[in-house]
Every structure is written in structure tokens, then in C-alpha cells.
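Me: I have a structure to read and would like to learn how its features are described. Please take me through a few of them.

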Amino acid sequence: MRKFHFLPAFLLIGMVSCNNAGDKAAANTDTTASKDSAMKMAKDSSQAAAIPALPAVPAGAKVYFKNLKNGQTVKSPFKVEMAVDGMKVDTAGPVVAGSGHFHILVDVGDSIASGQMIVKDSTHLHYGKAQTSTELTLSPGKHTLALEFADGLHRSYGGQMASTVSVTVKK
């Protein structure tokens with residue numbers, strides 16, 4: 001019978017021991033998390049310093065739609081030809097002064113602010129393989145297309161390297 005008197009005491013000591021170990025593990029996790037966060041922040045700030053500045057846009061440089069005129073009526077799908085004067089069309093990737101690649105913004109405004117990343121989704125179309133033409137399929141109705149030029153990291157050159165046209169897609 002004496003064995004049963006020691007059992008509750010043994011269980012109580014075991015629970016207290018496990019509970020303290022859990023607190024130490026939690027404390028170690030918090031410390032590790034704090035160290036990991038600090039290291040990540042330091043790494044992020046060092047990487048931010050390594051990102052090159054947005055190259056300057058040469059005087060007189062411009063982008064435009066070669067085959068679309070403002071107010072034009074088109075039948076979907078339709079071909080879009082993109083052009084740039086004063087800069088070179090290059091692939092996405094490294095930042096090279098005097099170069100970039102095209103993006104078409106569908107019904108989302110005239111341009112992205114200079115230095116802002118252009119997101120990639122169904123209304124922000126990327127042509128990072130140095131494409132100068134594409135075929136678009138749009139629903140019938142009026143649409144605004146903005147041609148946007150960006151550097152190798154998809155950072156917009158801003159309004160000075162953007163061109164906008166409105167097209168009406170017929171059925």
C-alpha cells in the first residue's frame with residue numbers, strides 16, 4: 001500500500017519538472033526568434049544597400065504603341081506592337097543603364113510611379129523576355145492600355161516612360 005502514497009508525489013514532481021522545462025524551451029524559442037529576426041533585418045538592410053539605384057532616363061527617351069491609336073476600334077484578339085526611342089529593350093534581370101522592358105497595364109491607370117515595382121497579375125502584363133509585340137484578348141467595350149517601361153528589376157521609369165491609349169473592343 002505504501003507504493004500508492006509515493007505515486008501522487010512522484011507524478012506531482014514530474015509535472016513540475018516538465019512544466020519548468022517547457023518554460024525554458026519557450027524562453028529559448030523566444031530568444032532564438034529574436035536573434036533570427038535581428039539577423040533577417042540586418043540581412044535585408046544589407047541587401048537593400050546592394051540594390052542599384054533606378055537608372056536615369058536619357059533625354060528624349062519615350063515609349064509608344066506602334067500600331068494603336070487613341071480611340072481606335074479593334075477586334076479581340078488583337079496585336080499590340082510596343083516601341084521605345086532613346087533606350088534599349090532588354091530582358092528582365094540585371095539593371096543596365098539605358099535599357100528596360102515593357103509592361104502593359106490594362107484598365108488600371110496611366111502609369112506607375114517612378115521607382116515602384118510593377119506587380120504581375122491579370123491587369124499588369126510583363127514582357128521581361130524583351131518582347132516588342134503581343135496579342136491581347138479583351139472583353140468587348142472600352143479599355144485603357146498603358147505601356148510602361150521598367151528596369152531589369154521591374155521598377156517603373158514613371159510617367160515619362162509611359163504611354164496610354166484607349167481602345168474600343170468590338171464584338
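The dialogue below goes from the whole chain to two residues.

Reply: This is a predicted model, where local features need pLDDT of at least 70, side-chain atom pairs count only at pLDDT 80 or more, and totals for chains, interfaces and linings use all residues. Residues are numbered from 1 along each chain as its sequence is written, and side-chain values use heavy atoms, with hydrogens and water left out.

Me: How many helices and strands are in the protein chain?

Reply: Helices (H or I, at least four residues) and strands (E, at least two) are DSSP runs, numbered from the N terminus. The protein chain has one helix and nine strands, in the order α-β-β-β-β-β-β-β-β-β from the N terminus.

Me: Is threonine 134 buried or exposed?

Reply: Buried means under 20% relative accessible area, exposed over 50%, and partly exposed in between, with a 1.4 Å probe and protein chains only. Threonine 134, in strand 7 (residues 133-136), counts as buried because its relative accessibility is 17%. Of the 171 residues of the protein chain, 30% count as buried.

Me: Where is aspartate 107 found, and with which side chain does the side chain of aspartate 107 make a polar contact?

Reply: A polar contact is a pair of N or O atoms within 3.5 Å; within protein, one must be able to donate a hydrogen and the other to accept it, and residues adjacent in sequence count only if both atoms are side-chain atoms. Aspartate 107 is in the loop between strand 5 (99-106) and strand 6 (124-127), and its side chain makes a polar contact with the side chain of histidine 143 (2.7 Å). A polar atom of the aspartate 107 side chain also lies 2.7 Å from the backbone nitrogen of threonine 144.
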